[in-house]
Amino acid sequence: MIIRLKQRQQAALAEVIDRYAAYVGTIVRNAIGDFMKAEDVEEVVADAFVLLWHHAERLQESSPLKPYLAAIARNQARKKLRGYDPRLNPLDDDTLVVEGAEDALAHAERKQLLEWALSQMGEADREIFIRYYYYMEKTAAIAARLGMKEATVRSRLSRGRDRLRQLLTERGARHEHSHFRPV
């Protein structure tokens, strides 16, 4: 199959896609999790196969294709995550499965209150908070992206939690520790 890919046989690419699409999809979903929509996952999977096609000449005929494809998929998923800007992607209503009209109304009110509280934070603190809690980025990755020390990111998260707790309490929201995971 690798030889056929190197010879630019489209049937070989179709065969690779048929054989490995589910495998690549699993790798991508594991890498970007629930941070992005299904369409984004599909896009990354497609990009992985396109890259395989464009770089087929680099394949070693004696090496297995599966690990090479896995590396492409992981790298493409990471690239997609790096380019994902939470400021351009507001919190979606579909981030939480809610059942019943009363639950939906309560969820909408909590979401609106949380968005208001987040808007009261400084831009850098808000970005740190969204990246950590919404996109589940690690503090080291956030620090590298924002050019900060990891300890600074952790400190800002701690102060941000305290500030959000205060703001939400002032607005009559119940305080529940379970919504914040520790740093």
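## The second largest pocket

The second largest pocket holds about 240 Å³ of space. A pocket here is an open set of points on a 1 Å grid over the protein atoms alone, where a 1.4 Å probe fits, with protein on both sides within 12 Å along at least five of seven lines. The volume is the space filled by probe spheres set on the points, which are joined across faces, edges and corners.

This is a predicted model, so local features need pLDDT of at least 70 and side-chain atom pairs count only at pLDDT 80 or more, while totals for chains, interfaces and linings use all residues. Residues are numbered from 1 along each chain as its sequence is written, and side-chain values use heavy atoms, with hydrogens and water left out.

The pocket's lining (residues with an atom within 4 Å of a point) has 12 members, and Leu81, Arg82, Glu137, Lys138 and Ala141 lie nearest the centre. Helix H4 (65–82) and helix H7 (139–146) are the elements that each give two or more residues to this lining; helices are DSSP runs (H or I, at least four residues) numbered from the N terminus. By class, the lining splits into 7 nonpolar, no polar and 5 charged residues. Nonpolar covers Ala, Val, Leu, Ile, Met, Phe, Trp, Tyr, Cys and Pro, charged covers Asp, Glu, Lys and Arg, and the others, Gly among them, are polar.

## H7 and its partners

H7 packs with helix H8 (residues 150–170) at an angle of about 110°, the axes being 8 Å apart. Axes are lines fitted to C-alpha atoms over the stretch in contact, and angles run from 0 to 180 degrees between N-to-C directions. H7 and H8 are therefore roughly perpendicular, a label for 65 to 115 degrees. In contact terms (heavy atoms within 4.5 Å), Thr139, Ala140, Ile142 and Ala143 of H7 meet Glu150, Val153, Arg154 and Leu157 of H8.

Helix H6 (residues 123–134) comes within 10 Å of H7, axis to axis, crossing at roughly 145°. Here Glu127, Ile128, Arg131 and Tyr132 of H6 meet Thr139, Ile142, Arg145 and Leu146 of H7. That contact has 4 nonpolar, 1 polar and 3 charged residues.

## H2 against H3

Helix H2 (residues 10–32) and helix H3 (residues 38–54) have axes that come within 9 Å and cross at roughly 135°. Their contact includes Leu13, Ile17 and Tyr20 of H2, plus Val41, Phe49 and Trp53 of H3. Sorted by class, it has 15 nonpolar, 2 polar and 1 charged residues.

Definitions and conventions: Angles under 35 degrees count as roughly parallel, over 145 as roughly antiparallel, 65 to 115 as roughly perpendicular and the rest as oblique.
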